[in-house]
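Please look through the sequence and the model shown here before reading on.

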Amino acid sequence: MSSILIAVIALAGLSILFGALLGYAAIRFKVEGNPIVDQIDALLPQTQCGQCSYPGCKPYAEAIADGEKINKCPPGGEGTIQALADLLGVEPEPLDAEHGAARDVPTVALIREDECIGCTKCIQACPIDAILGAAKQMHTVIASECTGCDLCVEPCPVDCIDMVPVETTLQTWHWEQPQGPAENLIATDRQPAVGGV
Amino acid sequence: MQPITLHNFDGGIHPKENKDQSTQTPIATLPIPAQLIVPLGQHIGAPAESLVQAGDQVLKGQMIAKPKGFVSAAIHAPTSGTISSVEMRELPHSSGLLGMCAVIDTDGKDQWIEHQGIENYLEVDNQQLIDKIRESGITGMGGAGFPTSVKVSVGERKIDTLIINAAECEPYITADDMLMRERALDAIKGIQILMKLTGADNCLVGIEDNKPEAIKAMEDALHQVHGEHHIVIVTIPTKYPSGGEKQLIQILTGKEVPSTGIPADIGIVCQNVGTAAAVYKAVALGEPLISRITTITGEAVKQPQNVEVLIGTPVKDLLNFASFKAGKKQRLIMGGPMMGFTLKSDELPVVKATNCILAPTAKELPANDFAMACIRCGMCTEACPADLLPQQLYWFAKSDELEKAEQHNIFDCIECGACSYVCPSQIPLVQYYRYAKGAIKEDRAAKEKAERSKIRFENRQARLDREAAEKEAKRKARAEAAEKAQAAKKAAAAAAPDSADTKAAPAPAASPQDLEKLQKQLDAAQTALKKTMDKIADAKENAPDKVEAFEKAMAKTRDKVKSLAKDIAAAKKAAAANPAPASGTDTDKGDPNSPERLEKKWQTAQARLETAQRKLKEAEEQGLDTVEALRTGVEKQQARVDDAKKAFESASNSSTETTTAAKPAEQAEEKPTAPAVDIEALEKKLRAQQDRVEKTQERINLAKEQGLNTVDALQKGLDKQMLKLNELEQQVKAAKNSEGA
């Protein structure tokens, strides 16, 4: 009889001890916020363009964490969808055309400055404060900060904003991936080279 | 001095050297070409900032562009002449991109600008030497073109060994070889300056054993140096790429530069021998870097040789000098066959890092257009001097698995081309690695930018939230203030009737204050009415389409006036009932304001009637369609005037005798002023008088019943009223008669 009692007391004591430990750990090591949101947010391109119908990348990340589809980010394109699919363990889906097509080349906004009337509408539209200017003063885009989200184009009353492809400089240029249709040929398939100086 | 133990690095290849062709003749000097194209960005880092404009005269050695930022180098005019333009031109770069270039039309005089070296250069402050090197635009002459002033600014790091790279391992190139043969002393003196700058205890000059003349010349030069120099000329076995910085360090010291690190991390600085000579010229003679020794070789040139060539010289001039004859599928390569790149045209200029122009025939260096599948033979792995796995990197780069490529240390690849050289499938492996490196760097830049964008977006969001909160707070504060003000008003209003003890519970509107308020409101409404009438008149004259709207407004105002008048009447009644509920007869006596007020009211009503009549007349004259409305308005007004008059008169009659006595006099006075008053008015007056008489009669009766002492006075008043009544009756009769006549 006493042995049963001892066992019950011992087990009860252990469960109380571990319960207290777990309870303490739950408070001490509590994770603030939803860590998956930050991980998703890190994969999004941060253009803050709102093409996903959310007012920025973080809100979309939160929506994805709540079960929203992962194929609504045109600036990220297939790469972002693949990365999100890998992170969340879901099947990658093709980009939802409803939210726009992926861009071939990165672009930046460019204000034709002599046409700018200084209305500040584009400044209010820019999600990342990348347009400088003041009322009745000419505005200009900080090209290095512009994400090319297009949001400033629509509000401009005089249509003086163009989206131009980002120019390649010596600093940003890199070699293309070698493309050779002949790569799968065997030696006997060799064709004489064309071109040359 | 103890002998240096040589080490080895893994991999490496032994391609055909092809160096003898260009070492048969001494270094020639190229005649000054007609035009020089000097790119402003010839180095790693920011392009220099132009100091000249088209049309400027420049002298040889004059700075035409100053360094912009820390990692940058100055650019000088290689000879005297005129700047014909500063414009975007194609650069001698594998990208083929455009860059800012100063184009100089030379004048052939080759006139130097005043320049001066530092005499006792081994005793002056290091900073002075570094400034001089920076001013002179010295960059690495080995190929990469890193600004030397930056590389020798070692700061706090302890450097124990300076390694001079004179291995020149790439086939065909002999520029450093010829430099050492002919200008060994310049190089040694330059080494001394570099040793002083870096604080290195000793210096190792690594020369491959295929350059015995250069080794001998260097050793001879070393003998000429007085005192201790701690410089050792080390002969190393010929193997490609022993001239790679990391490989040379490993050969000479056995130390390996850590992955993604720089030699300074292990206390070593590595400089090219050509750079050392250029440093000497800049520091001791004050001559900036405006020319260099370049090998011009290949089977397509008849006289392969080394030439001292001005920076900016078009390749075409160089080729002509060496009797170049273009063949079939002619290629021009800047740099060596292993690491060089194909030039797109022969108009491109020689830059500071151009150590070789290779013009091979198609047979000599056939273009590789036939890459085949990787067979995983592993030859590239054996050849790799950086101990990487080239075939793995190839697969990753090909399938865009950039992360894996990075994990396989793709950034330790020195792009020497040994793997491509040995590849039996002739896969352009290095191009894949270059692509992968570039793509990874681009990704990193994009990530960094995304991070920045995120921060900017969050900051903006925070700012907008803050502004919204501030606005909300302001709005709340305003609303609260308004609420408080209203509460205070209410409290005041509630306190006022309390203080007035006349407040009547059943009819609170009866308090004198309220009465006054009502009266004021009425007055205001009446003025509004008047104004509206004026406006209507105006509108009738000027804008008939607005008349209707005004009339509507007037009708509204009139309704308001009416309701106010009613209110006032009610209030007055209540007020009258309150102070003397027992005797209704003395009401007017109890309220001294009443007769005067009523008189006023009557007068204003009268005035309004007159204006209304005037308007009606005007309308009738103009034949407007508003006549009807105006007429009814006049009639109403008339009725109101009568009411007011009646009220007033009844009030004044019921008051003391003096008042009543005064009234008939007034009325009597009125009569002559208005003799032509129409009968109607007279009749009305008559009726009113009759009313009055009746009322007085009633009062007398009441007084009699109650046995008051006012009976006599009232009786007297009644008599007078009767008199007046008779008078009126007579007037009416007379008027009727006159009308009838």
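## Basis of the report

This is a predicted model, in which local features need pLDDT of at least 70, side-chain atom pairs count only at pLDDT 80 or more, and totals for chains, interfaces and linings use all residues. Residues are numbered from 1 along each chain as its sequence is written, chains are lettered from A and ligands numbered from 1 in the order in which they are written, and side-chain values use heavy atoms, with hydrogens and water left out.

## Outline of chain A

Chain A has five helices and four strands, where helices (H or I, at least four residues) and strands (E, at least two) are DSSP runs numbered from the N terminus. Along the sequence, their order is α-α-α-α-β-α-β-β-β. Of the 197 residues in chain A, 30% are buried; buried means under 20% relative accessible area, exposed over 50%, and partly exposed in between (1.4 Å probe, protein chains only).

## Helix 5 of chain B

Helix 5 of chain B spans residues 245-253, and its buried residues include Leu248(B), Ile249(B) and Ile251(B). After this helix comes Gly254(B), which has a positive phi near 80°.

## Aromatic rings

Over all chains, the structure holds five aromatic pairs (rings of Phe, Tyr and Trp, the last by its six-membered ring, with centres within 6.5 Å; planes under 30 degrees apart count as stacked, over 60 as edge-to-face and the rest as tilted). Tyr54(A) and Tyr60(A) form a stacked pair, with 5.6 Å from centre to centre and 25° between the planes. Tyr54(A) counts as partly exposed because its relative accessibility is 22%, whereas Tyr60(A), at 1%, counts as buried.
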